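This briefing is for a reader meeting the structure for the first time. It begins with a sheet and then turns to helices, a hairpin and the chain as a whole.

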Amino acid sequence: MDKKILLIIAQNGFRDEELLEPKKILKEAGFSVIVTSETKGKCIGSHGVEIESDISLNEINASEYVAAFIIGGPKSPLLMELDDVGIIMKDLKDSNKLFGAICLGPMVLASFDLIKGYAATVYKTEQSLSMFKEKNVSYVEDRIVIDRNLLTANGPLAAKEFGEKIVFLLNKNKEEYEGKRYKIIYHKKECIGAFACLAAEPKSWKQTDDKVDLIGAKVDVGEGDQVFVKEVDDLENNLEAAQCCPVNCIHIFDKKTRRKIL
Ligand code: SF4
């Protein structure tokens with residue numbers, strides 16, 4: 001089945017290259033790109049490009065998409081007035097899928113209270129910065145900002161990079177979902193040798209001097225030589241082991257839902 005990505009544009013006054021460049025990159029990467037606007041059909045860019053959108057916003061079933069993005073441009077703030085935009089993006093966000101916006105698009109996400117507590121960039125104007133402040137979004141002055149499953153870019157000059165980042169993040173996520181379901185992460189440096197983990201799950205842990213080892217774990221490259229990772233499909237009693245660790249040095253991550261369980 002095609003992996004579908006949704007691009008949301010203003011009917012008149014989206015920024016041409018912010019739509020066209022990422023769209024081309026996403027298609028070349030093998031994704032199916034669907035463009036939506038308030039009504040299906042003719043849309044005009046702020047620099048004169050004319051395109052036909054594929055579907056109207058009120059016909060979108062968000063669950064069909066692996067990611068969705070709001071394209072910027074001078075009239076993109078008008079998308080704040082369309083409840084369907086908020087509903088679609090909330091669905092993506094709540095499903096832990098990749099979502100985001102470019103240029104003034106992040107303002108639209110902020111207006112629907114979807115990026116409260118996130119770090120994000122936006123095309124810098126008095127209005128966009130004041131919207132971020134009002135909606136508790138941490139503004140970062142950069143071309144591209146990634147925070148959890150949110151990707152934002154600050155304008156047309158970042159359009160190509162925006163498209164490339166979407167491809168990179170979606171392919172990265174695909175790799176994360178592959179393999180075993182859970183990741184057990186053990187910070188050995190913090191272990192105080194209370195051995196509660198060993199008592200809860202003796203098949204996975206073994207005593208080594210004054211600490212424990214997670215049997216079969218590998219050093220987490222990039223995290224230093226005291227962080228160990230083991231991937232498993234069955235947690236057995238490792239959730240209990242992690243819960244009873246007095247210094248919380250065992251963490252469990254569910255790769256499928258992309259949520260940290262503990
Ligand atoms: S419960 Fe935590 S502190 Fe105690 S031995 Fe296990 S990992 Fe170390």
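This is a predicted model: local features need pLDDT of at least 70, side-chain atom pairs count only at pLDDT 80 or more; totals for chains, interfaces and linings use all residues.

- Strands β8 (residues 98-102) and β12 (residues 150-153) run parallel and are joined by 4 bridges.
- Within this pair, F99 stands opposite L150 in β12.

**Helix α1**

- Helix α1 covers residues 16-28, which makes 13 residues.
- From its first C-alpha to its last, α1 reaches 18 Å, close to the 18 Å expected at 1.5 Å a residue.
- The residues E18, L19, P22, K23, I25 and L26 of α1 are buried.
- Seen down the helix axis, the buried residues of α1 fall within an arc of 165°, so they line one face of the helix.

- Strand β14 (residues 205-208) runs antiparallel to strand β15 (residues 211-214), and 4 bridges join the two.
- Q207 of this pair has V212 in β15 standing opposite.
- The hairpin has 2 residues between its strands, and D209 takes a positive phi near 55° there.

**Domains**

- The chain is divided into two parts: domain 1 spans 4-177 and domain 2 spans 182-260.
- Taken over C-alpha atoms, the centres of domain 1 and domain 2 are separated by 38 Å.

**The chain as a whole**

- The chain has 262 residues, of which 37% are buried.
- Its secondary structure comes to 7 helices and 19 strands.
- The C-alpha trace spans about 70 × 40 × 30 Å along its principal axes.
- Of the contacts between residues at least 6 apart in sequence, 65% join residues at least 24 apart.

Conventions
Residues are numbered from 1 along each chain as its sequence is written. The expected span of a helix is 1.5 Å times one less than its number of residues. A residue is buried if 20 or more other C-beta atoms lie within 10 Å of its own, exposed if 12 or fewer, and partly exposed in between; C-beta atoms are placed from the backbone. The arc is that of the directions from the helix axis to the C-beta atoms. Domain bounds come from an automatic or database domain assignment. Two strands pair if DSSP finds at least two bridges between them. Two residues are in contact if their C-beta atoms, placed from the backbone, lie within 7 Å.
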